[in-house]
Amino acid sequence: FPALDDDGALRELADGFRGLSKNGLFSDCVGAIDGILIQLASVMERDSSQPIKFYNCKGSYALNVQAIADSRRRFRYFCVNCLGSTHDSVTWMYTPLFMELEKHGICGKYFFVADSAYGDNIAVCTPFTQSAKLTQEQQDFNFFLSQVRIEVECAFGIMVQHLGIFWCGLRASLGSVTSIIQVGACMKLHNFCIDH
């Protein structure tokens, strides 16, 4: 991801989202954040003293990967730093990018978009919740937010569909960086395919 004080690079990212946003409502969005659970084939006792922490709500062992996609569905940032049982909002708060945002903020009026799981976070715009009680304006806001936020969901879907490595659990020792390298390489290959 570009430096948080690089107005030119951030403006370029925002310009991409402007084209996706109705009436430029999200014209200063620089990325869509979400998490994906990367399934692991198994977790050995030698890899973790508490393998149950890798077990997630979808019934498998996994790593929680946080990523930011741009308007072209390319991954601009990713971080593999939490176990599968960790909530997206908590995993996001453990990323180096979040810590940088907390410490220094982001240049100008730029922001990220995310789903409601991320709650109130610095420089992250999320939808209104409690849909039964929302005003029409709030419902409209949520709809337009979803138009730009969906880019990260699509990026994950395209990557998983096209790269067979994710069709079954990764076979990597958690004591090594192999799984991080595999995820990073797949995201770079995904971006290469989008660009070419």
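Just after helix α3, G105 adopts a positive phi of about 75°; helices (H or I, at least four residues) and strands (E, at least two) are DSSP runs, numbered from the N terminus. The model is a predicted one, in which local features need pLDDT of at least 70 and side-chain atom pairs count only at pLDDT 80 or more, while totals for chains, interfaces and linings use all residues. Residues are numbered from 1 along each chain as its sequence is written, and side-chain values use heavy atoms, with hydrogens and water left out.

Helix α3 itself spans residues 96-104, and L97, F98 and L101 are buried there. Viewed down the axis of α3, these buried residues fall within an arc of 100°, so they line one face of the helix; the arc is that of the directions from the helix axis to the C-beta atoms. The face turned away from this buried side carries P96, K103 and H104, which are exposed. Here, buried means under 20% relative accessible area, exposed over 50%, and partly exposed in between (1.4 Å probe, protein chains only).

Turning to the whole chain, the protein has five helices and five strands, which run α-β-β-β-α-α-β-β-α-α from the N terminus on. Of its 196 residues, 46% count as buried. The accessible surface comes to about 10,200 Å², and 54% of that belongs to carbon and sulfur atoms; areas come from the Shrake-Rupley method with a 1.4 Å probe, and for residues only the protein chains shown count as cover.

In the largest core, with 28 residues, F26, V113, F156, M159 and M187 touch the most other members. At least two residues of this core come from each of β1 (29-39), β2 (62-69), β3 (75-83), β4 (111-113), α4 (136-162) and α5 (178-195), and α4 gives the largest share, seven residues. A second, separate core of 19 residues includes L10, V30, I106 and F112. Leaving aside residues up to four places away in sequence, F26 touches F17, S21, F111, V113, C125, F141, F144, L145 and V148. With contact meaning heavy atoms within 4.5 Å, 58% of contacts between residues at least 6 apart in sequence join residues at least 24 apart.

Methods
A nonpolar core is a set of buried Ala, Val, Leu, Ile, Met, Phe, Trp, Tyr and Cys residues joined through side-chain atoms within 4.5 Å.
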